[in-house]
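Here is a walk through one protein chain, beginning with a local detail and then widening to the whole. Please keep the structure open while reading.

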Amino acid sequence: MDIRNLSPFISVSSQITPEDVDTAASMGFKTIVCNRPDNESEGQVNSQAIRLAAEENGLAFEHLPVLSGQITDGDVTEFQSLIKKVQDPILAYCRTGTRSCTLWALAEAHFTPPKAILDIAQQAGYDLNGQLSRLEERNQQPHSTSKRSIFHSVVIVGGGAGGQAVAASLLKRQPSLDIAIIEPNQAHYYQPGWTLVGGGVFKPEQTQRPMNSVMPKQAKWYQTTLSQFVPEQQQVVLENGDILGYQTLVVATGLKLDWDAIPGLRESLGKNGVTSNYHFDLAPYTWKLVQSLKSGKALFTQPPMPIKCAGAPQKAMYLSCDEWHRGGVLNDISVEFCTAGAALFGVKDYVPALEKYVEKYGIKLAFQNKLVKVDGPNQQATFEVTDVEGNVKEVVKSFDMLHVCPPQAAPDVIASSSIADTAGWVDVSPETLQHKRYRNIFAVGDVSNSPNAKTAAAVRKQAPVVAENIISTLAGNPPMALYEGYGSCPLTVERGKVVLAEFGYGGKLQPTLPKWLVNGTQPSRVSWFLKENMLPWIYWDLMLKGKEWLAAPKHLIHTSEPQSVPEACDFKEKKK
């Protein structure tokens, strides 16, 4: 816990844990205020856990969530009212403490000079200079338009797989390039490993590393959140009001797991048999449920597309069934796959192998079954079921174990911006990953609207494409590197065997290894070895370090005058 004192009455902190509440109580705090929305990031300790810990320690707890970088006058007024009514000393927290400090500063501005507020915040470790004009306005002093503006050649929004891989590929090509990365989290996750955590193969810690261990030393790390895109001025606005200017922008925020889209799901997670491998903290609970379930009903759900790693809901199911089969209890467990889709898998070449495992495990397939409600205490799940004639009805199913893949969408900051398409995703060319309107903006990973499978394997192929096209753009040339939609989904059909699905745009198969070594349409022990041993190494030690083994992009070769569409060009592999 990192407590920063602002006054005798209030202190702020970054995200706290239930264990920190006991410490806060021993330090004399009387009220804890959470300014962070729940489920803002993976691995976050949500407000209810802190509330319970506060009550156990005799502290008051208030939840006043505000959106990062979007603090309204209404938020400030509500914060003012809150700190007047609760007992002090108060400990307010958010992700880094910046939002809580900003709320305090804006509330204090009515009767404290802005310079004094900025000095206090600076001493506490928070630079709020970007809020100066707003502080002056609230203090009823002459309005100032000054905001700190910083320029970088390349600004990358997001330090996950996409952002780190692009940064590494850029620095491989141009080590002196001025790169900034905007990323609020202190931990970096290997999310493809969560399936194996839920299957008892990996430990959670194998999928997590400190963010500073993967952040390139040459890049400037802004450990904060982006609040606004201003592409017309080639700028982005940070949480504290600072402005970053850029020559080229890379959007790599990933997507949003929308737990709230299903009523009752959020409050049921992690108990009552409800789990999800899509959350770092819940994957171990999946394995615990698998080990403890000896009879009953297990439901595995999949929402409408798009989702990241479309095979993940099935992976959890197959590994669970394999464990129950090995334990001799599978015949006593009814397993049902409830998918909002109309097919088992989107690429038909892999369906026969999967269907054999469905038959082996006795899985019931429930197509066009969309999860719409969860009643955790009563262990019931409600589905909207669409029949062949398009009629929809609600069906309630009981369960002893429910593995949920949550609905997924573009982050709000993307969806509400001018860089998004009508569905909220970053609007890019599927071949060059360059924005269709803003030519100095690129997107990588799950946040783009390119029609590929949203997987880490896709990022591995996209990062070199984006890096080369950025270098080309900075030099004033058109993008030449091409992405052919590659994605990979290692379908873990049993412990020790994987159906290695590799495909590109239109479902075209794109195998990496020769068929004599790996036939991706059939379960393979070699593919399991790749999944368990090779892919984590490729991720941590190759992809995130700019080593593009088997990932060199193809390029356009212009046959005459420059064309704007890839169909008018020939392809060739770049010779390294």
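This is a predicted model: local features need pLDDT of at least 70, side-chain atom pairs count only at pLDDT 80 or more; totals for chains, interfaces and linings use all residues.

In β21, Glu-394 is the bridge partner of Glu-384. Between β20 and β21 lie 5 residues, and the two strands form a hairpin. In that turn, Gly-390 has a positive phi of about 90°.

Glu-384 also has a bridge partner on another strand, Lys-370. Strand β19 (residues 369–375) pairs with strand β20 (residues 380–386) in the antiparallel sense, over 6 bridges. Here too the strands form a hairpin, with 4 residues between β19 and β20. Gln-379, in the turn, has a positive phi of about 50°.

Now to the whole chain. It has 16 helices and 29 strands. Its radius of gyration is 25 Å, close to the 25 Å that the globule rule gives for 576 residues, so the chain is as compact as a globular protein of that length. Along the principal axes, the C-alpha atoms fill a box of roughly 75 × 65 × 45 Å.

Of the 576 residues, 56% count as buried. Among contacts between residues at least 6 apart in sequence, 67% join residues at least 24 apart.

The accessible surface of the chain is about 24100 Å², and 50% of it belongs to carbon and sulfur atoms. As for charge, the chain has 55 positive and 58 negative charges, whose mean positions are 6 Å apart.

Methods:
Residues are numbered from 1 along each chain as its sequence is written. Side-chain values use heavy atoms; hydrogens and water are left out. The radius of gyration is taken over C-alpha atoms; the globule rule is 2.2 Å times the number of residues to the power 0.38. Buried means under 20% relative accessible area, exposed over 50%, partly exposed in between (1.4 Å probe, protein chains only). Contact means heavy atoms within 4.5 Å. Accessible areas come from the Shrake-Rupley method with a 1.4 Å probe; for residues, only the protein chains shown count as cover. Lys and Arg count as positive and Asp and Glu as negative; His and the chain ends are not counted. The place of a charge is taken as NZ of Lys, CZ of Arg, CG of Asp or CD of Glu. Two strands pair if DSSP finds at least two bridges between them.
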